[in-house]
Amino acid sequence: MTTLSAPAGTRRRRTKGQPAGIWTATPFTKIVLAVTIVISAFPLYWMIVIASRTNGDATDVPPPFLPGGNLGENIQRVLSNPDAHYMTGLTNSLIIAVAVTASVVLISTFAGFAFARLRFKGGKILLLLVLVTMMVPLQQMGIVPLYRVMVSLGWVGSIKAVIMPYLLNGFGVFLMTQYTDQAVPNELVEAARVDGASTLRIWFNVVLPAVRPGMAVLGINTFMLTWNDFMWPLLVLTPDNPTVQVAINSLNAKYGTDYVLIFSGTLMSILPLIVVFIAFGRQIIGGLMEGAVKA
Amino acid sequence: MSLHVDAGQPTRAPVPPDRRHVRRNSPRSFRTWLDLKAAPYLLVSPYYLLFLLFGLFPLGFTLYYAFFTYDLTGTVEWTGVGNFTGLLSDSAFWKAVVNTLGMFAIATVPQMLLALLLADALNKRFKGQLFVRMGVLLPLVTSVVAVAVVFTQLYGRDWGLINWVLSWFGADPVSWKTERIPSWLAIATMIDWRWTGYNAIIFLAGMQTIPRDLYEAASIDGASRRRQFWQITVPMLRPTMIFVVLNSTIGGLTLFAEPTTFYNGNVHGGTDSQFQTVSMFIFEQGFREFDYGYASAAAWLLFLLILIGSLINFLLVRRIGGNK
């Protein structure tokens, strides 16, 4: 019964019967959009072309423009490559992304409820602190001490070292504060309070059902960001226990001119994201647009 | 706070609160206290705990490290501001700064203009809106490493598609990796390919909050569409633009994955460091040379750079479209 649609992005924008006027798409508009989509899709198409060819084809001039028939064989080569540990990388990336997403969404939903609907001393200052830290590139600033902490904990080489720092997500807290503020009427919380519900129960029975769409948006975004991150996993993981991005990097570093090998690995690494994107495209776009207007 | 913005109706009917609980007025004062006073703090505590551990603590220690010299043998020595003065007279550091700023400028200016143009097009009425928006956003879903791998091949000197196209116009093959400005251009296109659509979607969201009667009034007054775009859309978009530009500034000045992948996963940034960014410099100093102090000092200088860059861009954007 619950649909995942985010409110703002999917709202009807124009009233019916309004004259078209300046809002009609001109041929120029259509050309701009068509060219954009071609440019957006081309590198992905190119990935498929090269990944399904041989290295001989890849270095042809003029280059090939249609997919060939070697995709299966190339994927086999990636999976059996002794330097990439590709399947380990894929599994690690999945575990990391799922763990980070689940925790970030939960932590943010808790904090968002407190900031949006509970009054407490210092709340506004704490929220301001979140906004300020969102602007600081913590990952890059603190990379040296963070790394040394991981060394002394003995976590280097383990995916724990990747998961823990990613649980810190100011944007998530900000987003869920906004969402709760808009999706959960104050009267509802008050009413539940009068009826004797505890704070935790209000969170579970009143807030949680109402903010589920916001959680979905945050979840999808967090999953994509975590899946794609590169610098930190490159530092704290070893090539024999990589994330998928680090695995591609190993291929790239060792087999620089073996294009079909690298492209096949790359293609496989983005497939999960493309699937998520096609399934939840409407929510992702809605969430992005909503977050932007509020910021 | 200025955080409240109305954004549509709540999406689901609330669950009726549980009525089994009896009113609380009895001696359970501790539980009442816990529920009313402590609960908000408990709810926000996980975030701040993590912030303390993985945000504030490393940040503080970065500053502390910056005053020491570390070397491969494990010797640690106090140097005061030695790392900072060393960096300021280190030509490799300055090269990285210039590279970072150069790539940032080459990438950002066209990106903003293209994103504005694209957002304006997306704001028109046409069929298949969701499909088009998804098409525009497709690059964002692709991982940075994947983008860099594909573009690196496209920019290949001998067999790359780009040089092949350029050869139609009689151009000699460009050595995108070894020459400084071409390498910046190649990396800038990777950034723009990935982020222009995203920024356009953000601009679009901003455009949709501009009251439509402004345009209707302008049309009646005979203002052309182009004029309306520059005189209404762009000035009204200023808040969104500030958000987008600040985001791009932070992202652009901390650039790492694209140039690293462009040089096959090496943080040196080309044979002559011609496209090494400050982030790569920090990584190299910290984890290839193991001079933690030098790297930490560089991290603080990067932060300073981001602050200055953000401030300048903020002031620039605020002036866009006059001071109406």
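I began with burial in chain B: of its 324 residues, 53% count as buried, where buried means under 20% relative accessible area with a 1.4 Å probe, protein chains only. I note that this is a predicted model, in which local features need pLDDT of at least 70, side-chain atom pairs count only at pLDDT 80 or more, and totals for chains, interfaces and linings use all residues. Residues are numbered from 1 along each chain as its sequence is written, chains are lettered from A in the order in which they are written, and side-chain values use heavy atoms, without hydrogens and water.

I next looked up the overall dimensions. Chain B has a radius of gyration of 26 Å, whereas a compact globule of 324 residues would be near 20 Å; the radius is taken over C-alpha atoms, and the globule rule is 2.2 Å times the number of residues to the power 0.38. The C-alpha atoms fill a box of roughly 80 × 70 × 40 Å along the principal axes.

I then turned to secondary structure. Chain B holds 13 helices and 2 strands, which are DSSP runs (helices H or I, at least four residues; strands E, at least two).

I consulted the UniProt record, an unreviewed entry, which places "transmembrane region" at six spans of chain B, among them residues 96–118 and 195–215; such annotations may be inferred rather than shown by experiment. Residues 96–118 of chain B are 100% helix and 0% strand, with end C-alpha atoms 32 Å apart. Residues 195–215 of chain B are 81% helix and 0% strand, and their end C-alpha atoms lie 28 Å apart.

Technical notes:
Buried < 20%, exposed > 50% of the residue type's maximum accessible area, 1.4 Å probe, protein only.
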